[in-house]
Amino acid sequence: MTDGSGTEELALRAASGDAAALDQLLQAIGPRVLEQCGRFLPCRQDAEEAAQDALVQVARHIERFEGRSLFSTWLYAVVANCARQTYRSLRRRAAEQPSELLPVEVPDPRTTSVIAGSRLDLLDALDRLEAHRPELVTALVLRDLCQLDYQEIAGQLGIPVGTLKSRIHHARRHVRQSLEG
């Protein structure tokens, strides 16, 4: 997500309790976090909400970053989880509102396009996968959505590459069936 040893160094300093480094880190990663959230969520406001949540999670839990893998890998996982949580929250809020109270609006092409609809279908499929096989979700998200390499993901998850590939295979099969069905 972010490149360069500068960000990695800031992350390590922030993880050790350096508040100034944390501030610099959050400023440095903010635009890329928003961009990554936009890959998950088709509406800009939703992506901004998820990005804000992700930055808060980074600030709250930076001490969990141990430097075993790249900070960008750790950050991808945080961002993916926040974007998916924002989607679940939005879906839940929409379901809780009585339909007669919902305003009638002209459909927004940004959220009703084939691409946006595909993203939402994928998020739903990931939720179904998480309900049945939660250990598969992170591997799939980091590989297929965040496009990280196998070694980096295996290091982040603390599993052998062969196990990772197996999880991704099973996750893809489940998501494919979910999207087709």
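## Salt bridges

A salt bridge is a side-chain nitrogen of Lys or Arg within 4 Å of a carboxyl oxygen of Asp or Glu. Side chains of opposite charge can pair when their charged atoms come close. In this predicted model, local features need pLDDT of at least 70, side-chain atom pairs count only at pLDDT 80 or more, and totals for chains, interfaces and linings use all residues. Residues are numbered from 1 along each chain as its sequence is written, and side-chain values use heavy atoms, with hydrogens and water left out. The pLDDT is the predictor's confidence in each residue, from 0 to 100.

By the salt-bridge rule, the count is ten. One of them joins Arg44 and Glu48, with an N to O distance of 3.1 Å. Arg44 and Glu48 lie four residues apart in helix H3 (residues 44-61), so about one helical turn separates them. Another joins Arg39 to Glu35, where the closest N and O atoms are 3.6 Å apart. These two residues are also four apart, in helix H2 (residues 19-40), which again means a separation of about one helical turn. The side chains of Arg133 and Glu135 form a further salt bridge at 2.7 Å, N to O.

## Exposure of the paired residues

Relative accessible area sorts residues into buried (under 20%), exposed (over 50%) and partly exposed (in between), using a 1.4 Å probe and protein chains only. Arg44 is partly exposed at 47%, and Glu48 is partly exposed at 35%. Arg39 is partly exposed at 42%, as is Glu35 at 38%. For the pair Arg133 and Glu135, the values are 35% for Arg133 and 33% for Glu135, and both residues count as partly exposed.

Glu9 is located in helix H1 and is partly exposed, with 42% relative accessibility. Glu9 and Ala21 are twelve residues apart along the chain, and their C-alpha atoms are separated by 8.8 Å.

## Overall make-up

The chain has nine helices and zero strands. Helices (H or I, at least four residues) and strands (E, at least two) are DSSP runs, numbered from the N terminus. From that end, the elements run α-α-α-α-α-α-α-α-α. The chain has 181 residues, of which 40% count as buried.

A contact means heavy atoms within 4.5 Å. Among contacts in the chain with a separation of 6 or more, 67% are between residues 24 or more positions apart.

## Nonpolar core

A nonpolar core is a set of buried Ala, Val, Leu, Ile, Met, Phe, Trp, Tyr and Cys residues joined through side-chain atoms within 4.5 Å. The largest such core holds 50 residues, and those touching the most other members are Leu25, Ile29, Val33, Leu41, Val58, Ile62 and Phe71. Two or more core residues come from each of helix H1 (5-15), H2, H3, helix H4 (71-96), helix H6 (114-132), helix H7 (134-145), helix H8 (150-157) and helix H9 (161-180). H4 gives the largest share, eleven residues.

Leaving out residues up to four places away in sequence, Val58 touches Leu26, Ile29, Phe71, Trp74, Leu75 and Val78.

## Cavity and pocket

On a 1 Å grid over the protein atoms alone, a cavity is a set of points where a 1.4 Å probe fits but cannot get out; a pocket is an open set with protein on both sides within 12 Å along at least five of seven lines, and lining residues have an atom within 4 Å of a point. Grid points are joined across faces, edges and corners, and a volume is the space filled by probe spheres set on the points. The structure holds one cavity of 30 Å³ or more. The largest cavity has a volume of about 40 Å³ and is lined by Ala77, Ala80, Asn81, Arg84, Val137, Thr138, Val141 and Leu142. H4 and H7 are the elements that give two or more residues to this lining.

The second largest pocket has a volume of about 160 Å³. Its lining consists of Gln57, His61, Arg64, Trp74, Ala77, Val78, Asn81 and Cys82. H3 and H4 each supply at least two of the lining residues, and H4 provides the largest share, five residues.

## Confidence

The mean pLDDT of the chain is 83, and 85% of its residues reach 70 or more. Over residues 106-116 the pLDDT is below 50, and this stretch has eight contacts in the model beyond near neighbours in sequence. Where pLDDT is low, the predicted coordinates should not be read in detail.
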